[in-house]
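Dear colleague,

I am passing on the structure that we spoke about, and below it I have written down what was found. Please look through the sequence and the model first, and then read on.

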Amino acid sequence: MNLEKVVFAFTIILALTVNFGFFIGDIDNPAHHHVLELYAAIFVNAVATILKFGDRSHMGAVLLATSLVADIQLVAAAAVWGYAVHVSGVGLTPTVMASIVSLAGGALIANVISVALLATETVLLRR
Amino acid sequence: MASVVFLILRRMRGPLLLLSTVYAIATLGLTLIPGVDDEGNTWHMSFFHAFYFVSFMGTTIGFGEIPHPFTEAQRMWALVFMYITVATWIYTLGALISLLSNDTLKRALTEYRFRFQVRMIREPFFLICGYGETGSKLVRSLRNRLLQATVIDILPDRLDALMMEDDPLFIPGLAGDAGAPENLVMAGLTHPMCQCIVAITNDNAVNLHIAITAKVLNPNVRVICRADSSDVEANMASFGTDYIIDPFDNFAKNLSLATYAPHQLLLVNWFRQPRGEPLTNVTEVPHGLWIICGFGRFGKAIYRELTRLEIPARVIEPNAKTPGLPANTVIGPGTEAHTLNAANIAQAVGIIAGSNNDSNNLSIIVTARQLNPKLFVIARQTSQTNDELFAASEADIMMQPSDVIASKIRTLLTNPLVDDFLSLARARSDDWARTLTDRLRSISPEVLPRTWPVTINETDAAAVQMALAEGRSVTIGDLTRSHIDRNEKLPLIVLLYSDETGTFCMPDEDTALSPGDQLLFAGTEESHRRLKWNLMNETALHYIMTGDTLPQTLLGRWLKASAG
């Protein structure tokens, strides 16, 4: 049992679960997707990315890559949200909501890969 | 570079985590705390506005309370997080700056830069290990000839001196242990353009290690090594080190050359000096009893040579326990009159101040001259900083190990044919050498003649190459004619001719050339220029070979063809 490993696995899995929480629901219904969940997903993903910094192994590099993909997708989703609400003033129409959620869906896939890699590594390195 | 990036990322993990957490809490708080807009309605700050506010608050830019003036509760939150975010930023930037000034990282960065500079080298270069007195002399002369090199030295201070001089050529230097194979590889040992590795560090063991590393990692590279003892020399020779240079042995051999073949020595001195130096004269070394002060490596090498030539020598050595002392050694410091008298200085013809201490050597010279003013004095100089002192001492021959090594390596690197010539010349008599030195002096009475190699190929001798390809025969004698008047001979001497059958000293004038042959010329700068015409210009070559001028234009050629 290693505290660092606990924190690491916790963050990566949390990134996936929070991301999933935002993603689930009707794709174009703003009532199903709360802004706080997106916010939490961005923060947890950023933490997960920072935790993956500096690992020079091949597995570490792929894990970092998946996290970076998730970050880009989620920040893009937040940017679309902010632009629709504050800049263009269109508001959360079904079209806008659908693109926000699909961007978050992309991040979800990256997070799934990340967790899958983590699980694989754990199984392979089981001691 | 990748390793540097990863190092920074890993070390910045803590500060970055803290920074993002603080930002997250500050932003989240602002969106949760209710505010009041201009019309008195309750509103919640959006994440967009909250993040905007936190961003300019944390960086102390401070655009003000937007989009509506804050309530007291919002101000209280902002007040607390103003300090926290600013402090976190300071901590993060501080961590980054201390990381960038970290010695490990700096070394990683300089190593990366060095590796890059070496990889970018596109021309043949030499790897010099050791940038002491010898190394710096060598690098200076390489630089003056626009020859690229890379340098490794264990002392960073010495490399600072290297970095200060980057004109006319930048020479990359690495501070590190030249004995470590990875450093040698970094400095270009396995680079395809690496011609030669020169191991001239102060440490025999390191030089040996460099030589064996070079031979194992890149067998194509020539290895030139300094060695100070015969067992190290034998070890280096055992695995095929190309040139082993022992400065003391070298000097002792030259000294014995000076006693029985002074003109041979003059040739060696002339061809080893950089061009443009004034011509030197033969040094007449007297025959008789010699006194050797100091029986270290230098004294031993000289004593061995003198005994071989059956020249009487007395040794003065302060340490009675020195191994191998001859039977009639005088024990005591050579700096004192009574020891010098005990060694029979009044009858001696020469003295060799050969201890490894410059002040003692100067003192020996002064004392010995007082006792016997006619003495021939040979002084060993250890440190370059004492140049002026030794110049003022008016010693007849000055021996500076770094000079001996640097001049020998310089000819090996810049003009290896000179070395071939000198070793062939050594087999000839001194009279032969005297004739040659007289000829050289008549060609170039003031300064040392220039020596330059020519290979019969496209770049060095395009016209000759073409004439040979057309089946015409060109001899060495043809080349030495003047292209202005073919009956006039260019003021130059062909020292060496080398083809696939062997290397010949002073070849016959009617030796026919063939492609790929190498020639070594000696002459003035003027003759160097004029020889180029014969080598490169078709018309000039045609004239010196046949006596008629080739028409240069198409019309001229046509007219000549129809007339003939």
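The secondary structure of chain B amounts to 24 helices and 18 strands, where helices (H or I, at least four residues) and strands (E, at least two) are DSSP runs numbered from the N terminus. This is a predicted model, in which local features need pLDDT of at least 70 and side-chain atom pairs count only at pLDDT 80 or more, while totals for chains, interfaces and linings use all residues. Residues are numbered from 1 along each chain as its sequence is written, and chains are lettered from A and ligands numbered from 1 in the order in which they are written.

Of the 564 residues of chain B, 35% are buried, that is, have 20 or more other C-beta atoms within 10 Å of their own, with C-beta atoms placed from the backbone.

Where the chains meet, 12 residues of chain B are in contact with 13 residues of chain A, a contact being two residues whose C-beta atoms, placed from the backbone, lie within 7 Å. On the side of chain B that touches chain A, α1 (2-11), α2 (13-32) and α3 (47-58) of chain B each supply at least two residues, and the largest share, 6 residues, comes from α2(B).

In chain A, helix α2 (residues 35-52) is mostly covered, with 15 of its 18 residues buried. Just after α2(A), Gly54(A) takes a positive phi of about 85°.

With best wishes

Notes
Buried ≥ 20, exposed ≤ 12 C-beta atoms within 10 Å, placed from the backbone.
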